[in-house]
Amino acid sequence: MPLQKIRIAIADDHQICRDGLISMLDPEFYEIVGEAENGEKALEIIRCQKPDVVLLDLRMPVMDGYTMLRILKDDDMMKQIPVVAITASVDVQEKNKLEFSGFDGVLFKPIPQIDLVYELCRFLDSRELKVKSSDVIKDDKEKVAINTTTHLQELLQELEDDFL
């Protein structure tokens, strides 16, 4: 059974940052379902594409990351989607604000590839695995666990190959 890719939406007002994130994600394991330069456009993408994870810059024009997060978490159809904050700010006040804001994770720019992949892997267990009902019997959790473990093992092997 082929692995299901992790579907990601990226919101950052700098194209170079979006391109950098995309370049670190192997298309064999990840699918970028949309990218946006502000929170308003990102919301449209998320509503239409229903990604597995959102990578969200905090400071963007039109709608910032904090405002967008509140809208996502208040919406019953989108509140279960993990949202990872992306920021270049290392300010103590910003870090404190992030801690209590409701983000599911935080990555600080510049983002090492290993940190990005690790953060995305954290959400594999919390997301609903997208497997066809014909591939997995509803009560057969062992097959789902094997699929998840295989995916994680392949991702970790890829990281080891790249960095060791």
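**Close-up views of a predicted model**

View 1. With a relative accessibility of 37%, K50 counts as partly exposed, the class between buried (under 20% relative accessible area) and exposed (over 50%), as computed with a 1.4 Å probe on protein chains only. K50 belongs to the loop between α2 and β3 (53–57), where helices (H or I, at least four residues) and strands (E, at least two) are DSSP runs numbered from the N terminus. Although K50 is not a glycine, its phi is positive, at about 50 degrees. The model is predicted, so that local features need pLDDT of at least 70 and side-chain atom pairs count only at pLDDT 80 or more, whereas totals for chains, interfaces and linings use all residues. Residues are numbered from 1 along each chain as its sequence is written, and side-chain values use heavy atoms, with hydrogens and water left out.

**View 2. V62 in the loop between β3 and α3.** V62, a residue other than glycine, has a positive phi near 70 degrees. Its relative accessibility is 60%, and V62 therefore counts as exposed.

**View 3. Packing of helix α2 against helix α3.** Helix α2 (residues 39–49) and helix α3 (residues 65–74) pack at an angle of about 25 degrees, their axes lying 10 Å apart; axes are lines fitted to C-alpha atoms, for helices over the stretch in contact, and angles run from 0 to 180 degrees between N-to-C directions. The two helices, α2 and α3, are therefore roughly parallel to each other, a term for angles under 35 degrees. G39, A42, L43, I46 and R47 of α2 make the contact with M68, I71 and L72 of α3, contact meaning heavy atoms within 4.5 Å.

View 4. L72 is buried, with a relative accessible area of 1%. Leaving aside residues up to four places away in sequence, L72 touches L43, I46, M78, K79 and V83. The C-alpha atoms of L72 and I46 are separated by 9.0 Å, and these residues are 26 apart along the chain.

**View 5. The aromatic pair of Y66 and F103.** The rings are edge-to-face, at 5.9 Å centre to centre and with 70 degrees between the planes; rings of Phe, Tyr and Trp (its six-membered ring) pair if their centres lie within 6.5 Å, and edge-to-face applies to planes over 60 degrees apart. Y66 lies in helix α3 and F103 in the loop between α4 (92–99) and β5 (105–108), so the pair ties together parts that are 37 residues apart in sequence. Both Y66 and F103 are buried.

How values were computed
Angles under 35 degrees count as roughly parallel, over 145 as roughly antiparallel, 65 to 115 as roughly perpendicular and the rest as oblique. Rings of Phe, Tyr and Trp (its six-membered ring) pair if their centres lie within 6.5 Å; planes under 30 degrees apart count as stacked, over 60 as edge-to-face and the rest as tilted.
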